[in-house]
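Visitor: I'm new to this one. Could you walk me through it, a bit at a time?

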Amino acid sequence: MKLVIALLKPLSFLPAIFMMLLIYGFSAQTGAVSGELSYKISYQIVETKNEILGTNKSYDELAAEADSIHYYVRKAAHMTEYCVLAIAISFPLYVYRVRGIWLVLLAGMVCVGFAGLDEYHQSFVGGRGPSVKDVGIDSIGALIGIILVQAFCWSTLHNPAGKRRKKKKRRR
């Protein structure tokens, strides 16, 4: 059993590699394609809000509202991508017993480094350009993901109440 676990452990990084490829694919889209995709999402959000609230806004009103949130939808997508990447990197590191501040530093360096490389990559894509602000937004998303992993692993693996239950079962 230990041999199987030792052989499968490196595969725990596959979700992180998949996420990196996904991010790279999104950043390879031209500015027009990327903008159109995020605008569709923005429009879907305001259209859904319109249906739920029953405000009966016209197409032009919905389009104006979608334009007003478009920037925030794009930045939320950046944060979400890097939050998921950080989670996909942090869990395997946790399995390899990288914990605490070392987990934050190592996973953080990988995510921020990848964000920087991704922005550099965008400088070669039509209608796109590198942005230090985007690296900062990506870093915030990564930090949130790392903190979520730390909190989840600490609460499930180091839960004092769970330890008490195990001790009671052993006494019986």
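Predicted model: local features only at pLDDT ≥ 70, side-chain atom pairs only at ≥ 80, totals over all residues.

Visitor: Which hand does the crossing of α5 and α6 have?

Guide: Helix α5 covers residues 100-122 and helix α6 residues 132-157, with axes 9 Å apart and an angle of about 150 degrees. (Axes are lines fitted to C-alpha atoms, for helices over the stretch in contact, and angles run from 0 to 180 degrees between N-to-C directions.) That angle makes α5 roughly antiparallel to α6; the cut-offs are under 35 degrees for roughly parallel, over 145 for roughly antiparallel, 65 to 115 for roughly perpendicular, and oblique for the rest. As for the hand, the crossing of α5 and α6 is right-handed.

Visitor: How many nonpolar residues are in the contact of α5 with α6?

Guide: Contact means heavy atoms within 4.5 Å. Residues making it include L103, V104 and A107 of α5 and V135, A142 and I146 of α6. Ala, Val, Leu, Ile, Met, Phe, Trp, Tyr, Cys and Pro count as nonpolar, Asp, Glu, Lys and Arg as charged, and the others, Gly among them, as polar. The contact of α5 with α6 has five polar and three charged residues, and its nonpolar ones number nine.

Visitor: How is α3 set against α4: oblique or roughly parallel?

Guide: The axes of α3 (residues 31-53) and α4 (residues 59-95) come within 8 Å and cross at roughly 120 degrees. This crossing is right-handed. The angle makes α3, relative to α4, oblique.

Visitor: How many helices does the protein chain have?

Guide: Helices (H or I, at least four residues) and strands (E, at least two) are DSSP runs, numbered from the N terminus. Along the sequence, the pattern reads α-α-α-α-α-α-α. There are zero strands, and the helix count is seven.

Visitor: What is the radius of gyration of the protein chain?

Guide: It's taken over C-alpha atoms, and the globule rule is 2.2 Å times the number of residues to the power 0.38. For 172 residues that rule gives 16 Å, and the chain's value is well over that, so the chain is more spread out than a compact globule: 21 Å.

How values were computed. Residues numbered from 1 in each chain as written. Heavy atoms only, no water. Left-handed = near helix turned anticlockwise from the far one by under 90°.
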